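Me: Please take me through this model one feature at a time, giving the general idea before each case.

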Amino acid sequence: MANLKELSKTPERLTSGHRLCAGCGAGIVARQALIAAGDTPVVVTSATGCLEVSTTIFPYTAWKTSFFHSAFENSAATCSGIEAAYKSLKAQGKVKDDIRFIAFGGDGGTYDIGLQSLSGAMERGHRMLYICYNNEAYMNTGIQRSGATPKGAHTTTAPAGKVHQGKEQNKKDLTQIMIAHNIPYVAQAYVGNWNDFVTKVQKALSINGPSFINILTPCRLGWNYKPEDTMNLARLAVTTCIWPAYEVDNGVYKINVKPKEKKPITEFLKLQGRFKHLFNTGNAHILEAIQKDVDEKWALLQRRAEAGCQA
Amino acid sequence: MIKTVYSKGKLVAKTGNEVMAEAMRQIEPDVVAAYPITPATEIVQIFSQFVADGTVKSEYVAVESEHSAMSATIAASAAGARAMTGTSSQGLSLMWEMLYIASGLRLPIVMAEVNRAISAPINIHGDQSDTMGARDAGWIQIYSENSQEAYDNMIQATRIAEKAKLPTLVTTDGFIISHCMEVVETYPDVDVKAFIGEYKPDRYLLDTKKPYTLGSIDLQDYYFEHRYQLAQAMRDARNIILDVAKDFEKTFGRKYELYEKYMLDDAEIAIVVIGSTAGTAKVVVKELREKGIKAGLLKIRIYRPFPAEQIAKDLAHVKAIAVMDRADSCSGAFAPVYSDITASLYAAGVTNPKIVNYVYGLGGREINTEHIAKVYETLSRIVSGAEKPSNMVEYINVRKK
């Protein structure tokens, strides 16, 4: 459990002045992850995306820690190369400090184009934390559908129209794919619960091996809501159980945030422009299908958490 | 026949791949990240064994693709490590995006590259289409005629890359050199290490006292300057390459230049060629010289940066030149080396030589002394006026129907 008073004393390593949108969740994720790392030196890598382009417009940088970006699909491979350099130089006595490594990627750079790179890095066992700031579409290029886009959402490449009602497929369960890699620590988190996220980052960084956090990160532009609602929306994703906050720590499942009252999925969907068309006449069956899917997956997760494993 | 030229040198029988791995063992980079591909696999396979046996202190990252190989190598280099990789053909193609990033970020990576044909159709044998496709990627390209050169080039490449702050690849022709056992003179570890020196980057990501951002987004106000600096670094690299070669000759006794002139100074007809075919062509040149025919050869060692001015000077007196490309450009016009040679001559005001372009040996198709002798015969006929020089690409040893 993180202590807010202590965290508030941690020097900021993602400074203000970056060009992320008002209400953007990605900046909150990066800032809290670095605060969670405390005084430990970290090297950050990032996939091409909103976080990278908004924080590193040459000759400026918002990063007070070493930051490296090279391409879209390789944040994990990149982080693994830095970690390999660290291991070699540390063993030779050329680097003295204990350094930790954090790779960031959006859902496009993680679920889709960077999945191979991520899978390879996790399998090789590098000591690194990969954080997917998941805003459920390619937001940097203008809200295109990704493997993380939920069923029914309107995006610019799976738009709602006269024949189709947004994305017709379910999202990929990347967290489960990461769990199947049998790495020491995998978690789902969400913007709007600093304590849960900071605790997870601290746990992940303390592990001598690979770890993965998938954090739901509302995008006010792509989800089409008022900028001040970012935190609320992410919290609603948890209380409706469409995005449960849970972790798998050395194979043991734990639900970190159990909603007191599980709200209907429409409470989450109706606040967002990307789901607006689902409330039109004739689309009730899509809402029902989404609710059914949420219910089934939540029940399965609860069974796993009760059993303490993926049984 | 290779003879020792260095007092402490040792003659060994090694394939091109083995000798490139041997150079890597002696260079002992901090990080190697690689992915297997025929015919380059052995290089990293042998190197992995060095790592497994504790012969080297290097970290070996057995990545899941060549894209990740180049990504991890770039990252390791940016982190402050001396970093190397090896690949060929499709592997180099998969790295394409990252090749440009390695040079754009000015990272002194060294790559052992084995030239192989590009798919489709899939073919594992030697031609130079792979690295020719990467000729504008901002990498210094050093080609080798045989295993000795491959070994010597790898050692020099490390210093060249770090001084020029440019990634550098050293190639051998697939199978023809990579799998051919030859006698090679190797030098003692301690002397190789002394020659390359310790790698001390100015700035690196693991320097926690001076954290920095690398790989920024660079818009209309700075991007052009950074690309200009890269192009300028490539121009400046010529002198660095020559300085390193001079020091190499002083240390180990073997002389290297940007290109090799073989009986070229008084030649009336000459072939320009890259790689192992130069060895075959030298045999033909010798035979022709015995017959009193003034044949010569120019073998390009450094293809990038292209030694344009120097080559123009050295070819100006030749009456007829055949530029032999082991890669086609599919440009509808000419193959890569021909385009570079003719542009260089024209820019230098050299318009006398008649120049023809031959594409040969794609996918490992045989090129022998008879094929090359025919090229020289054609050049002789062009000089005597018996034949008009072709104004299009000619193909050697191919069935056109």
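Me: Which residue stands opposite Thr213(B) in β9(B)?

Reply: The general idea comes from DSSP, whose runs give strands (E, at least two residues) and helices (H or I, at least four), numbered from the N terminus, and two strands pair if DSSP finds at least two bridges between them. Here the residue opposite Thr213(B) is Phe67(A), and the strands concerned, β2(A) and β9(B) (residues 213-214), run in the parallel sense and are joined over two bridges. Keep in mind that this is a predicted model, in which local features need pLDDT of at least 70 and side-chain atom pairs count only at pLDDT 80 or more, while totals for chains, interfaces and linings use all residues. As for labels, residues are numbered from 1 along each chain as its sequence is written, and chains are lettered from A and ligands numbered from 1 in the order in which they are written.

Me: How many residues of chain A are in contact with chain B, and which element supplies the largest share?

Reply: A contact is a pair of residues whose C-beta atoms, placed from the backbone, lie within 7 Å. By that criterion 37 residues of chain A meet 38 residues of chain B. On the chain A side, β2 (66-69), α4 (75-91) and α6 (115-124) each contribute at least two residues, and α4(A) gives the largest share, with 12 residues. The residues on this side divide into 19 nonpolar, 15 polar and three charged, where Ala, Val, Leu, Ile, Met, Phe, Trp, Tyr, Cys and Pro count as nonpolar, Asp, Glu, Lys and Arg as charged, and the others, Gly among them, as polar.

Me: What does the radius of gyration say about chain A?

Reply: Because a compact globule of 311 residues would have a radius of gyration near 19 Å, the 19 Å of chain A agrees with the rule. The C-alpha atoms of chain A fill a box of roughly 70 × 50 × 40 Å along the principal axes, and the chain holds 11 helices and eight strands. Among the contacts of chain A with a separation of 6 or more, 69% join residues 24 or more positions apart.

Me: How many residues of strand β4 of chain A are buried?

Reply: A residue is buried if 20 or more other C-beta atoms, placed from the backbone, lie within 10 Å of its own, exposed if 12 or fewer do, and partly exposed in between. Buried residues make up 54% of chain A, and in β4(A) (residues 129-134) six of the six residues are buried.

Me: Which residues lie on the two faces of β4(A)?

Reply: In a regular strand the side chains alternate between the two faces of the sheet. Leu129(A), Ile131(A) and Tyr133(A) are on one side of β4(A), Tyr130(A), Cys132(A) and Asn134(A) are on the other, and all of these are buried. As for its partners, β3(A) (residues 100-106) pairs with β4(A) in the parallel sense over five bridges, with Ile102(A) opposite Leu129(A). The strand β6(A) (residues 211-216) also pairs with β4(A) in the parallel sense, over six bridges, with Tyr130(A) opposite Phe212(A).

Me: Which peptide bond has omega near 10°, and where is Arg106(B) found?

Reply: Most residues other than glycine have a negative phi, and most peptide bonds are trans. The bond from Phe58(A) to Pro59(A) is cis, with omega near 10°, and Pro59(A) sits in the loop between α3 (50-55) and β2 of chain A. A cis bond also joins Ala120(B) and Pro121(B), with omega about -5°, and Pro121(B) belongs to the loop between β5 (110-115) and α6 of chain B. Turning to phi, Arg106(B) has a positive value near 60° and lies in the loop between α5 (96-104) and β5 of chain B. Arg106(B) counts as partly exposed because 18 other C-beta atoms are within 10 Å. Glu28(B) has a positive phi near 50° and is found in the loop between α1 (16-27) and β2 (31-34) of chain B.

Me: How far apart are the C-alpha centres of domain 1 and domain 2 of chain B?

Reply: Domain bounds come from an automatic or database domain assignment, which for chain B gives domain 1 (10-252) and domain 2 (259-395). Their C-alpha centres lie 28 Å apart, and the contact takes 26 residues from domain 1 and 20 residues from domain 2. On the domain 1 side, α6 (129-133), β6 (140-143) and α9 (223-252) of chain B each supply at least two residues, and α9(B) gives the most, with five residues.

Technical notes: Rg over C-alpha atoms; globule rule 2.2 N^0.38 Å. Contact = placed C-beta atoms within 7 Å.
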